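Please walk me through this structure, starting with its pockets and then turning to its rings, contacts and backbone.

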Amino acid sequence: MLRPFTEVDVFTATPYQGNALAVVLDGEGLTAEEMQRFASWTNLAETTFLLPPSTPEADYRVRIFTASVELPFAGHPTLGTCHAWLEAGGVPHEEGEIVQECGAGLVRVRRTQGGLAFQAPPLVRSGPVEEPLVEKIAESLRIKRDDIVDVEWADNGPGWIAVLLADAESVLALRPGLVPNFLGVAGPYPEGSPYDFEVRAFTHAHGSTIEDPVTGSLNASLAQWLLRTGRAKAPYVASQGTVLDRAGRVHISTDEEGNVWVSGSVVTCVTGQVEL
């Protein structure tokens, strides 16, 4: 059957400068295998499928697939799917806040001046990284161990390890080999710069390293780490995707309860139908 479909660009106000997302607006009746097959075909970082919620607290339910696996949560698919749902006429139960149901549970999304924002989920793993693994990370990034200012588990689902370098220039200069884990690398810009941090996300698949253009889940976990350790103050803006000729902009803020919120602009690039 023909199903409504859209492709959006997340963490940018300029089409084709952020991270693309495919959204099937009606996923009812599709099996997980059919969803995975289509996500593999789109060959994007993620593809999502909208479904009716299974709980009255949620406005909609979403399933998130990479080209090879289903994810319980991911940041840019959360914002992109919410944008697509609203653009298709979705009306939230509560004015000003949308509740998304996904594999990780309920995720709250708000409209902000920086675009749609999701509340950073709690970390499932934090704390120090064992030294032999740190040495492997340095080797895979083709830098010296002493070039790593700090490193810590910052996993909110995908398995991120956060790596801090001395400055944004060092982050932009990285030319990694095969990384041993999902790595998020950040470095501060000089005071007075338009952005506060440069961020790069490295994952691995099929024996090669892949760089993600702009990564919501990573920026969420990085923000929790950087704010907790006093290396950043909210609000701040992270730049990501520069080396890939993208211009991703991720806005980080906190609320009165100390919750971290991750926001960014979303633009629609393609609308139509797919046969699924």
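How many residues line the largest pocket, and which of them lie nearest its centre? The model shown here is a predicted one. In this model, 32 residues line the largest pocket, and Ala-45, Glu-46, Thr-66, Thr-203 and Ile-210 lie nearest its centre. The volume of the largest pocket is about 710 Å³. Rolling a probe the size of a water molecule over the atoms shows where empty space is left.

Several elements contribute to this lining. At least two lining residues of the largest pocket come from each of strand S2 (19–24), helix H2 (75–87), strand S13 (197–205), strand S14 (208–212) and helix H5 (216–228). Sorted by class, the lining of the largest pocket consists of 16 nonpolar, 12 polar and 4 charged residues.

The second largest pocket has a volume of about 230 Å³. Its lining is made up of 13 residues, and Ala-104, Leu-106, Val-107, Pro-121 and Pro-122 are those nearest the centre. Strand S7, which covers residues 105–112, gives the most to the lining of the second largest pocket, namely 3 residues. By class, the lining of the second largest pocket has 9 nonpolar residues, 3 polar and 1 charged.

The aromatic rings come next. A pair of aromatic rings is described by the distance of the centres and the angle of the planes. There are 9 aromatic pairs in the structure. One of them joins Phe-38 and Trp-41, with 5.7 Å from centre to centre and 25 degrees between the planes, and this pair is stacked. Pairs count as stacked when the planes are under 30 degrees apart, so the angle of 25 degrees puts Phe-38 and Trp-41 in that class. Both residues belong to helix H1 (residues 32–42), where they are 3 residues apart, about one turn of the helix.

Are the two partners buried or exposed? Phe-38 has a relative accessible area of 8% and is buried, whereas Trp-41 has a relative accessibility of 63% and counts as exposed. Phe-38 and Trp-41 also belong to one aromatic cluster, together with Phe-5, Phe-49 and Phe-65. Elsewhere, Arg-125 lies over the face of Trp-153, 3.7 Å from the ring centre.

Two polar contacts between side chains can be followed next. Thr-48 sits in strand S3 (residues 47–51), and its side chain is joined to that of Thr-81 by a polar contact of 2.9 Å. Thr-48 counts as buried because its relative accessible area is 0%. Thr-215 lies in the loop between S14 and H5. A polar contact of 3.0 Å links the side chain of Thr-215 to that of Gln-240. With a relative accessibility of 6%, Thr-215 is buried too.

Separation in sequence and separation in space can be set side by side. Thr-12 is in the loop between strand S1 (2–10) and S2. Thr-12 and Ala-247 are 235 residues apart in sequence, yet their C-alpha atoms are 6.9 Å apart in space. Thr-12 is buried, at 6% relative accessibility. Val-62 belongs to strand S4 (residues 60–65) and is buried at 3% relative accessibility. From Val-62 to Gly-103 there are 41 residues in sequence and 8.1 Å in space, C-alpha to C-alpha. Val-262, in strand S17 (residues 260–264), is buried at 0% relative accessibility. Val-262 and Arg-61 are 201 residues apart in sequence, and their C-alpha atoms are 20 Å apart in space.

The backbone is the last topic. Most residues other than glycine have a negative phi, and most peptide bonds are trans. Where is the peptide bond that is cis? It runs from Ala-234 to Pro-235, with omega near 0 degrees. Pro-235 is found in the loop between H5 and strand S15 (236–240).

A positive phi is found in Asn-43, near 60 degrees, and in His-206, near 55 degrees. Asn-43 lies in the loop between H1 and S3 and is exposed at 62% relative accessibility. His-206 lies in the loop between S13 and S14, and its relative accessible area of 82% makes it exposed.

Methods. Residues numbered from 1 in each chain as written. Predicted model: local features only at pLDDT ≥ 70, side-chain atom pairs only at ≥ 80, totals over all residues. Heavy atoms only, no water. 1 Å grid on protein atoms, 1.4 Å probe; cavity = no way out; pocket = protein on both sides within 12 Å on 5 of 7 lines; lining within 4 Å. Points joined across faces, edges and corners; volume = space filled by probe spheres on them. Helix = DSSP H or I, 4+ residues; strand = E, 2+ residues; numbered from the N terminus. Nonpolar A, V, L, I, M, F, W, Y, C, P; charged D, E, K, R; others polar. Phe/Tyr/Trp six-rings, centres within 6.5 Å; stacked < 30°, edge-to-face > 60°. Buried < 20%, exposed > 50% of the residue type's maximum accessible area, 1.4 Å probe, protein only. Lys NZ or Arg CZ within 6 Å of the ring centre and 35° of its normal. Polar contact = N/O pair within 3.5 Å; in protein donor to acceptor, adjacent residues only side chain to side chain.
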